[in-house]
Amino acid sequence: MPRPVSYNLIQKPLEADLSMAELPEGNMGEGFFATSLSKVVGLARKNSIWPLPFATSCCGIEFMATMGSHYDLSRFGSERVGFSPRQCDLLMVMGTIAKKMGPVVKQVYLQMAEPRWVIAVGACASSGGIFDTYSVLQGIDQVIPVDVYVPGCPPRPEAIIDGVMRIQDLVEKESIRRRNSDQYRALLESYGIQ
Ligand code: SF4
């Protein structure tokens, strides 16, 4: 006996299922909307982040759950996970990073085009975690600049999503001139990046 189909009997309007991107600040009138280029670019970037997962250990498993259907990172426009640094703009470092891996993390970061952002997911990537040893990097911010730190060992998928949403806030508010500023250049130079 086939199972009776009981779903989709009540048709909901399509808009009720969609969460729409909010308008940036601007002036609106009949037939026009005026805002700044930075805000439009920020809105587009915010809702189309392409993550590059750099997962070395247990925190990577939490990321797999975050990408799965239950937590579904694609709700934030971030479902396009890439494994070529040249096509991604969000580096997510998840797991213990041994000192030998430090130059590799930096190499991946250097291969990403600007603008690029970085999340340190979990205690190990943020601070070395429980591995206060001679062989483990005590935080990836010793080799590359980090925008958001997600605490936890491991962080739950909700915490990773919270980290992505904080990146979205940064991306939305970032001026398109920031990457050419003296402060940003000085930040990169402090990491030995030209
Ligand atoms: S923070 Fe904890 S769960 Fe994450 S990689 Fe380190 S030891 Fe594993």
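Me: Where does Asp 72 lie?
Reply: Asp 72 sits in the loop between α2 and β4. Keep in mind that this is a predicted model.

Me: And what's phi there, for Asp 72?
Reply: Near 55 degrees, which is a positive value in a residue other than glycine. Most residues other than glycine have a negative phi.

Me: Is Asp 72 buried, exposed or partly exposed?
Reply: Asp 72 has 14 other C-beta atoms within 10 Å, so it counts as partly exposed.

Me: OK, prolines now. Which residue does a cis peptide bond join to Pro 115?
Reply: Glu 114, with omega at about -5 degrees. Pro 115 is in the loop between α3 and β5. There's also a cis bond from Cys 153 to Pro 154, omega near -5 degrees, and Pro 154 belongs to the loop between β6 and α5.

Me: Switching to the core. Which residues touch the most other members of the largest nonpolar one?
Reply: Met 92, Val 93 and Val 121, out of 36 residues in that core. Elements giving two or more residues to it include β4 (90-94), β5 (117-121) and α5.

Me: What does Val 121 touch?
Reply: Leaving out residues up to four places away in sequence, its contacts include Cys 59, Phe 63, Met 92, Val 150 and Ile 160.

Me: Last one: how do the axes of α1 and α5 cross?
Reply: At roughly 155 degrees, coming within 7 Å. That makes α1 roughly antiparallel to α5, and the crossing is right-handed.

Me: Which residues meet there, between α1 and α5?
Reply: Gly 42, Leu 43, Arg 45 and Lys 46 in α1 meet Gln 168, Val 171, Glu 172 and Lys 173 in α5. By class, that contact has two nonpolar, two polar and four charged residues.

How values were computed. Residues numbered from 1 in each chain as written. Predicted model: local features only at pLDDT ≥ 70, side-chain atom pairs only at ≥ 80, totals over all residues. Axes fitted to C-alpha atoms, helices over the stretch in contact; angles between N-to-C directions. Helix = DSSP H or I, 4+ residues; strand = E, 2+ residues; numbered from the N terminus. Parallel < 35°, antiparallel > 145°, perpendicular 65-115°, else oblique. Left-handed = near helix turned anticlockwise from the far one by under 90°. Contact = placed C-beta atoms within 7 Å. Nonpolar A, V, L, I, M, F, W, Y, C, P; charged D, E, K, R; others polar. Core = buried A, V, L, I, M, F, W, Y, C linked by C-beta atoms within 7 Å. Buried ≥ 20, exposed ≤ 12 C-beta atoms within 10 Å, placed from the backbone.
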